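Biologist: Can you take me through this one? I would like to start with the rings and then move on.

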Amino acid sequence: MKKNKIVALIVLGIILLQIVIPSLADIDWNVVFAEESNTWDISQNGDGSVMATLSDDGTLTISGNGKMKDWRNSSDEAWDSNRKNIKNVIINNGVTSIGNFAFSDCTSLTNITIPNSVTSIGDYAFYGCENLINITIPNSVTSIGNDVFNGCISLTSINVDSNNEKYMSDNGVLYTKDKKILIQYPGKKEGTEYLILQGVESIEDYAFWGCGNLTNIIIPNGVTSIGYSAFYRCTSLTNITIPNSVTSIGDFAFNECTSLTNIAIPDSVTSIGDHAFYKCDSLSVLCKSNSYAEQYAKENNIKYVIDDSVPTIKNVTGNEKWTKDKVILIVNAEDSLSGLATEAYSFDNGQTWQKENTKTYTENTQGIIIKVRDAVGNVATYKTIDINNILKIEISNYEKITKDNNEYLTKIEANTTIAQLKEKIKTNGTIKVLKGNNEITDTNTLVGTGMQIQIETEKYIAIVKADLNGDGKIGLSDLSNIKFSLIGKKQLSTEAQIAGDINGDGKVSLSDMAKLKMYLVGKANI
């Protein structure tokens with residue numbers, strides 16, 4: 001009987017083993033022991049080809065060959081319960097990707113090493129890593145996902161290997177290699193102002209999120225879109241220029257920009273997202289009447305100021321040192337309300353625009369039409385001009401200086417006639433010499449200190465060396481003027497002071513008086 005029971009137990013044992021052993025073979029033992037060893041299989045296919053291990057000092061080491069898996073959110077990460085213990089991440093060569101949400105909300109993470117084998121960085125990979133100091137992207141990376149560095153408020157620099165074919169870094173700011181997209185400005189980068197690179201067409205979502213140091217940002221002409229929450233919580237931002245090329249501003253774009261009090265929105269903008277200026281309590285929008293910006297301001301109860309006035313073009317001049325092979329046109333313009341646009345000047349009737357108010361021509365082009373626009377899109381047109389008619393002045397032998405907001409023409413020799421003076425000035429304008437308000441028509445008259453030389457709109461005050469009394473000659477009267485000024489019995493005019501500075505040291509002194517005495521007795525030259 002006992003023998004039968006033993007046989008029965010053996011048979012039962014065999015049957016149980018046949019049932020249990022196949023099940024044991026299907027168990028992923030990495031998962032079973034993961035909690036105790038802090039080791040995880042994070043391969044894309046769950047085949048153990050990429051493993052992660054967290055050591056006691058907070059170093060997460062990822063090794064293997066192939067892609068890292070993608071997670072659905074931060075709480076889905078393999079190391080979710082250990083996330084706040086991760087301080088350092090080392091990814092060994094062989095791993096080819098960083099998965100979606102891989103290190104998101106790892107708030108203690110300060111450093112990460114990415115090898116050249118990694119080709120892609122997934123969406124939100126470093127989202128909320130608020131203590132991450134910088135990061136270097138190797139040349140192998142060809143794909144960076146959405147919002148990868150959003151919330152990395154301690155990030156001072158995003159560096160990219162110079163051989164990377166898809167991305168580049170401008171002083172720590174991440175761009176696509178072609179410079180068409182600004183991806184991310186580091187949240188704690190030093191400096192209060194930033195000029196976005198020329199050629200950029202779009203500013204990515206969250207690009208400047210939480211950049212609390214910035215007070216002034218200049219967006220170049222050519223940018224067409226400002227992304228979702230692009231400048232969210234830039235709390236120190238007081239000035240930003242939106243160029244006339246921008247057509248859309250995303251949701252929450254300037255949310256919580258609490259220091260922003262004025263913003264000019266050009267009439268090129270045809271779309272502004274929800275809550276774009278939420279919590280900007282003191283904001284006033286400058287815009288044109290009947291523009292999309294005015295409509296948006298009304299609908300969202302935002303203060304606005306209408307600017308329908310064109311800029312003032314004061315004048316257009318040519319370069320003062322005229323040469324036959326070129327002329328530089330200079331536009332003098334201003335706008336008192338919304339200010340001039342980032343690229344305000346056009347020299348081809350509005351076909352192209354530029355930031356500089358100058359244009360160089362090397363041939364006698366006719367029919368140049370100059371336009372100037374302000375920040376909201378109002379355009380002023382200057383009359384058609386021919387550069388042959390622009391004032392050209394070339395002065396030889398004499399020297400121009402500026403003092404007390406006046407232009408002085410110095411180094412004029414004593415006993416120089418008006419006719420001789422005019423021979424030294426080449427111009428297509430009319431030269432007039434005045435004493436007080438009266439023009440001197442006799443060209444044999446001597447040029448004296450204090451006379452006005454007027455060439456069309458340009459005005460200079462003549463300075464004849466050592467001629468303090470303005471008669472165009474050097475005599476005892478000039479010596480007396482210096483003497484009396486030195487003993488405090490006479491106050492010299494500005495032009496007399498310049499004329500009396502014979503030795504060129506910037507003041508009238510005993511040395512100048514001595515030199516003038518020697519000249520008058522024929523023992524020195526001036």
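Predicted model: local features only at pLDDT ≥ 70, side-chain atom pairs only at ≥ 80, totals over all residues.

Biologist: Why give both a distance and an angle?

Modeller: Because a pair of aromatic rings is described by the distance of the centres and the angle of the planes.

Biologist: Where do Y185 and F208 sit in the chain?

Modeller: Y185 is in the loop between β13 (181-184) and β14 (193-195). F208 is in the loop between β15 (202-203) and β16 (216-218), 23 residues apart from Y185. Y185 and F208 are both buried. They also belong to one aromatic cluster, together with Y194, F231, F254, F277 and Y296.

Biologist: Changing topic: is V160 buried or exposed?

Modeller: V160 is buried, because its relative accessible area is 14%, and the cut-off for buried is under 20%. V160 lies in strand β10 (residues 158-160).

Biologist: What is V160 in contact with, leaving aside neighbours within four places in sequence?

Modeller: I137, Y167, M168, S169 and L174.

Biologist: And the surface: which residues make the nonpolar patch?

Modeller: F484, L486, I487 and L510 make a nonpolar surface patch of about 370 Å². I487 is in the loop between α6 (476-486) and α7 (494-500). I487 counts as exposed because its relative accessible area is 52%, and exposed means over 50%.

Notes. Residues numbered from 1 in each chain as written. Heavy atoms only, no water. Helix = DSSP H or I, 4+ residues; strand = E, 2+ residues; numbered from the N terminus. Buried < 20%, exposed > 50% of the residue type's maximum accessible area, 1.4 Å probe, protein only. Phe/Tyr/Trp six-rings, centres within 6.5 Å; stacked < 30°, edge-to-face > 60°. Patch = residues over 30% accessible without salt bridge, like charges linked within 9 Å, V, L, I, M, F, W, Y side chains within 5 Å. Areas by Shrake-Rupley, 256 points an atom, 1.4 Å probe, with all protein chains shown as cover. Salt bridge = Lys/Arg side-chain N within 4 Å of Asp/Glu carboxyl O. Contact = heavy atoms within 4.5 Å.
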